[in-house]
Amino acid sequence: MIANARVYLLLVATWMRAAAQYPGSLALLTLGSFVVNALDIAAIWIIFAHTPELAGFTLPEVMFLYGTAGVSFALADMFAGNTDKIGSYIRSGAFDTMMIRPASPFLQVAADRFSPQRFGRVGQAAVVLAIALPRLGIDWSRAWMIPVMIVSGFVIFVAIWTIAGAAQFLLTDAPEVANAFTYGGGQLTQYPLSVYGGELVRAVTFIVPLAFVNWQPGLYVLDREDPLGLPYALRFASPAAALIMALLAALAWRAGLRRYRSTGS
Amino acid sequence: MIDLDGVGRTFVVRRRRPGRLRRESRAVEAVRDLSFHVSPGEFVGYLGPNGAGKSTTIKMLIGILTPTSGRIRVAGLDPSRRRTTLARNLGVVFGQRTTLWWDLPLKDSFELTRLLYKVDRERFRRRLDELCERLDLGGFIDTPVRQLSLGQRVRGDIAAALLHDPPVLVLDEPTIGLDVVSKAAVRAFLREVNAERGTTVLLTTHDLGDIERLCRRVMLIDHGRLAFDGTVDELRASVPEESSIEDVVARIYLSGGVRPPMAAGGTG
């Protein structure tokens, strides 16, 4: 574990140093990523300019759900987002060279070409969360759940990315299917899940457990009724969901690696 | 040092026939029932026509591909299960693609290699100085790898593969595309490494000059099976009517009959 963290940080530091050789371009890219993501939140403000509530949730509450999921998603994207390119690493043969080094190929892909601009999105989501928190009027004895849900959400998103990456060992040309779950999941969790249909909410609760990123633990923090009337205990199930997803992801990755076929030459 | 016992690797190739909806699957045996043994300190050439299973064998030896059947031991380890441990005891060079970091200066690639392989700083410095001198890397060590010429890049790759001083070195077509001078430099260096450090070397090539100048032993693979295993002289003597080693090898390749068309993916 420590050895893996060392390898990851080492590769990240090397790529950041390489990126820092072009400080102007780096600053613009980081700013750009911040601004593009800030447009998301503009969309939420526009909705609330026309209605005081969204599916029973106030603006600070929606911003809270957006911010917690956004921080989890952005951290996961920063850490593991590059794994959606595994298919192209396999096709170009670059994956072979990662396999011959004494380090996890997963971490090598995750850290490859790491650019500090990946911090932009984390910053934007954290700002939204910081604006929302003092306006919520929540019972602060429930605030312990906030770091728990952010960490669980991070693990769930990383696991989805990993499973999507593992699938590319079999389907080297299908990153779009994977994106539906990773970026799609990131988009879905930006709004209270009650704006969607009940079937979809059940699917993202029990099949792809996106509801545990921010929705279920968020209901606890905000002390809200579940509009779908699902059991109260689910609000505390995020760490368990994250653990199950992490195990599934580890198994999927190992299975994918054993089926790796390399390229022709 | 390298032991293969009844090793086979099958690829399932799917093909879509025009006009049919279902794809048909076909199993292609890239390597079948392959057994050989390489002792410490040997310098072995591994030959075979395109698609014979050379690269598949190499990839199984270094842990990239899992064999479908049989047993492999390299430096006493099962490559696909102990890949990371094996990596510390193994140097790998692909002539056709670099194992260096494309966008980083050569020096940074070496430094990363040092940290990943946990080479002691003092030992690394001495080893790098030695490799820089022998492979003449001094002039381009600060250049990003993507800007290097092929000859420079291959020399950089060989240096990176030897920084951690592995007991086994595997080279997949290391001299491909090199000019006469670069080729001679690479060959001279490999010979020294093998003679001075006792490094076990396994090398695949299509260049028979590599074989004649470097290898005491030659293995020839065809249709995924070992077709010849012996010294270069024995290889030459096996077809007495032919004079050059090129002709001998061509005769052996051709006597294998007409090969099936190359299947896509993984049989190179």
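Biologist: L28(A) lies in helix α2 of chain A. Why is L28(A) called exposed?

Modeller: Keep in mind that this is a predicted model. L28(A) has 63% relative accessibility, and the exposed label applies over 50%, so L28(A) counts as exposed.

Biologist: What makes up the nonpolar patch on the surface?

Modeller: L28(A), L31(A), F34(A), V35(A), V127(A) and I131(A) form the patch, and together they have about 510 Å² of accessible area. Nonpolar side chains are joined within 5 Å, and each residue needs over 30% relative accessible area. Helix α2(A) gives the most, with four residues.

Biologist: Over to chain B. How do you know that β5 and β9 of chain B are edge strands?

Modeller: Look at the order of the open six-stranded sheet: β5-β6-β7-β3-β8-β9 (chain B), with mixed pairing. Strands β5 (90-94) and β9 (225-231) of chain B each pair on one side only, which is what puts them at the edges. From one strand to the next, the twist averages 15°.

Biologist: How do you know that β8(B) pairs with β9(B)?

Modeller: Pairing takes at least two bridges, and six join β8 (residues 217-222) of chain B to β9(B), so they count as paired. These strands run antiparallel, and L220(B) stands opposite F228(B) in β9(B).

Biologist: What packs on the sheet, touching β3 and β8 of chain B?

Modeller: Helix α9 (residues 245-255) of chain B does, and its direction makes about 30° with that of β8(B). Helix α6 (residues 180-197) of chain B lies across β3 (43-47), β6 (168-172) and β7 (200-204) of chain B, at about 135° to β3(B).

Technical notes:
Residues numbered from 1 in each chain as written. Chains lettered and ligands numbered in written order. Predicted model: local features only at pLDDT ≥ 70, side-chain atom pairs only at ≥ 80, totals over all residues. Heavy atoms only, no water. Axes fitted to C-alpha atoms, helices over the stretch in contact; angles between N-to-C directions. Contact = heavy atoms within 4.5 Å. Patch = residues over 30% accessible without salt bridge, like charges linked within 9 Å, V, L, I, M, F, W, Y side chains within 5 Å. Areas by Shrake-Rupley, 256 points an atom, 1.4 Å probe, with all protein chains shown as cover. Salt bridge = Lys/Arg side-chain N within 4 Å of Asp/Glu carboxyl O. Buried < 20%, exposed > 50% of the residue type's maximum accessible area, 1.4 Å probe, protein only.
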